[in-house]
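Hi,

Here is the model I promised to pass on. My notes on it follow below.

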Amino acid sequence: APQPPVLPVPAEPDELPAGVTLGRVMHLGAPFTVASVDLRQAALDLYGQDPEHGAVQSIPGLRAWLRSQGRRLVLATNSGIYETDGRPLGLHIERGRELMPLNTRSGEGNFYLQPGAVFYVDGAAGSERAHVVETSTFAEDAAGVRLATQSGPALLLNGELHPRFLPDATSLKLRSGIGVASGSPHVVHIAISDGTVRFHDFATLFRDALGCTDALYLDGTVSVLNAPGRRGDAHAQGVFGGILVVSEPLPM
């Protein structure tokens, strides 16, 4: 029998939509890649745990799932620290559904380096606001919160650096984080170091270069930022408990 013709998959444009910028920032002699997202114009979502909405935990897998839903992945980054079985170590809210509860336990490692914090987005569509708050002050009633991820340590809270961050610290690691622009809660900055840096330098990037008063550390060595110009294997590897994503509808 004659076979139906194989239709080529159209190439997706690799460009940034309105409300999203991507650039390189030098701070204290180190390079960082920074994506800025205006929530009034661009769609920021959290994936990874909800089976009804693409509970895939890799960026290539999520790209394919989004495409099946008629959407293009613009940029993606891991949303925080997670267990070895793929569960987020702390609070995880997708589309208003709490899939992991707030974690107020004590423990070892960066997640438990107090104070930790929660990044979340609430508000009506078109006027959403982002927040980073200390874990203990996050409201137990999450009504109105569309997405949330808990991690630690907090990089900045009310403009103050974490007290354990020292300018002469010797621990140098890859760092990724997220912050909210001071005075513009609809603008979110997602940053990743292009090399190894200390916590102090990463936190002051958000304060001094990006104009944030509140920012949260997401993760370290495993972190990636997949975006236009950063689509290689090094930016697509990893399995994560949660993935923060900016996407847009595929062109007709």
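Let's start with the open four-stranded sheet, ordered S3-S16-S4-S15 and paired antiparallel. Here strands are DSSP E runs of at least two residues, helices are H or I runs of at least four, both numbered from the N terminus, and two strands pair if DSSP finds at least two bridges between them. Strand S3 (43-47) and strand S15 (225-226) are the edges, each pairing on one side only. Helix H1 (residues 59-68) packs on this sheet and touches S3, strand S4 (71-78), S15 and S16, a contact being heavy atoms within 4.5 Å. The direction of H1 makes about 155 degrees with that of S4 (lines fitted to C-alpha atoms, for helices over the stretch in contact; N-to-C directions, 0 to 180 degrees).

S3 and strand S16 (residues 243-249) run antiparallel and are joined by five bridges; Tyr-47 sits opposite Ile-243 in S16.

Over in S4 you'll find Arg-72. Arg-72 counts as buried because its relative accessible area is 0% (buried is under 20%, with a 1.4 Å probe and protein chains only).

There's also an open seven-stranded sheet, S1-S2-S13-S12-S14-S10-S11, again with antiparallel pairing. Strand S1 (20-27) and strand S11 (160-161) each have a single partner strand, so one side of each has no neighbour in the sheet. Eight bridges link S1 to strand S2 (residues 30-38), and Arg-24 has Thr-33 in S2 as its bridge partner.

It's a predicted model: local features need pLDDT of at least 70 and side-chain atom pairs 80 or more, while totals for chains, interfaces and linings use all residues. Residues are numbered from 1 along each chain as its sequence is written, and side-chain values use heavy atoms, leaving out hydrogens and water.

Cheers

Conventions:
Buried means under 20% relative accessible area, exposed over 50%, partly exposed in between (1.4 Å probe, protein chains only).
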